[in-house]
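Colleague: Before I rely on any of the terms used for this model, I would like to go through them with you one by one. Could you put the structure up?

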Amino acid sequence: MKLKLISTGIIMTLLLSFSCSEDEIQINPTEGLTKIAEDVAINANTKVEIWADEELFVGYNTLYAKLSDATTGESITESMVQFIPMMSMVSGMSHSAPVDNPTSEQAVNTLFPGAVNFIMPSGTDIGSWKLKVKVRNEIKDVEDFVELNLNVAVPAKVRMQSFATDGGMNYFVSYHFAKKPKVGVNDFKVMIHTKQSMESFPGVTDFTIAMDPEMPSMGHGSPNNVSPTHVSNGHYAGKVNFTMTGDWRIHLTLSKSELAKELYFDIDID
Ligand SMILES: [Cu+2]
C-alpha cells in the first residue's frame with residue numbers, strides 16, 4: 001500500500017514536471033491576442049501578421065508584428081519593423097497618427113511589439129485607415145512592405161482625447177495599462193503627442209501631470225497614487241490605485257509653461 005502511494009507520487013511528479021516543460025516549449029506567443037490583418041511582402045518573401053490585445057479602437061493600441069518565411073512558414077526573429085499608419089479622410093485629406101515603432105530588430109518571443117495611437121475612428125462617412133508595415137529580409141538584403149486595411153472602432157469609454165491651444169498646437173492624450181487594470185495599485189501610462197505635420201506626430205516630453213482618481217458615484221478617491229512623470233518619447237509612467245470595483249474617473253491636469261489642461265478618463269474596474 002505504502003509502495004503504491006510512493007510510486008503514484010513519483011508518477012504524479014513525473015507527469016507534472018513533464019506537463020510543465022511541455023507548456024514552456026509549446027507556449028503560443030499570440031495566445032490571448034487578436035489577429036488584425038496579414039499579407040505577404042512578396043519581394044522579401046515575408047508573411048506579415050499584425051496582432052493586438054483587442055480589436056483596434058480610438059486610443060493607444062499595442063500592435064505586435066509576427067513575421068515568417070512565406071515559403072517555409074518559419075518564424076523570422078530579426079528584422080527592421082516600422083509601422084506607418086495613414087488615414088484617408090472622406091474629405092480628401094489624409095493624415096497619420098502617433099506611432100511607437102518596435103525598439104529592437106530582435107523579436108521578443110517571435111513578436112515585434114510597437115504601438116499606434118489611432119486618433120480617429122474609421123467609418124464610411126469619416127474615412128479609412130491603412131497600416132503600412134516595413135520589413136527587411138536580412139538574408140536577401142531586401143527591404144519591403146505590406147499595406148493592411150484596418151478597422152478602428154470608437155471604444156465604449158473614451159480612451160484618447162485631443163485638444164488645441166490658442167497658439168494652434170494640437171495635443172493627443174491617451175493612456176495604457178500594461179495589464180488589465182484591477183483592484184489595487186496598477187502601473188499606468190499616459191501618452192502625450194502633438195501634430196507637427198500630417199505625417200509626423202511626435203511625443204511631447206515636457207508636461208507635468210497631476211493625477212487624481214475618483215469614484216464619482218461614491219464621492220471618494222484613493223491613497224498611494226503616483227502621478228505619471230515623463231519616461232521617454234512622450235510616455236509618462238505612474239501608478240493608479242483602485243481601492244474597489246466599479247466606475248472610476250482618472251482626473252489629469254496637464255501643465256506646461258502657461259498651459260494647464262484638465263481632462264479625465266472613465267474606466268470600469270471589475
Ligand atoms: Cu482622420
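Colleague: How do you know that strand β5 and β6 pair, and in which sense?

Modeller: This is a predicted model, in which local features need pLDDT of at least 70, side-chain atom pairs count only at pLDDT 80 or more, and totals for chains, interfaces and linings use all residues. Residues are numbered from 1 along each chain as its sequence is written. A strand is a DSSP run of E with at least two residues, numbered from the N terminus, and two strands pair if DSSP finds at least two bridges between them. Strand β5 (residues 81-89) and β6 have 2 bridges in the antiparallel sense, so they meet that definition. Serine 88 has serine 94 in β6 as its bridge partner.

Colleague: What makes β6 and β10 edge strands?

Modeller: The open sheet has 4 strands in the order β6-β5-β9-β10, with antiparallel pairing. β6 (94-95) and β10 (142-150) each have a single partner strand, so one side of each is left without a neighbour in the sheet.

Colleague: Which residues touch the most other members of the largest nonpolar core?

Modeller: A nonpolar core is a set of buried Ala, Val, Leu, Ile, Met, Phe, Trp, Tyr and Cys residues joined through C-beta atoms within 7 Å, where buried means that 20 or more other C-beta atoms, placed from the backbone, lie within 10 Å of the residue's own. Among the 54 residues of the largest such core, Ala65, Phe118, Val133 and Ile192 touch the most other members.

Colleague: How much of the chain is buried?

Modeller: Buried residues make up 29% of its 270 residues.

Key: Buried ≥ 20, exposed ≤ 12 C-beta atoms within 10 Å, placed from the backbone.
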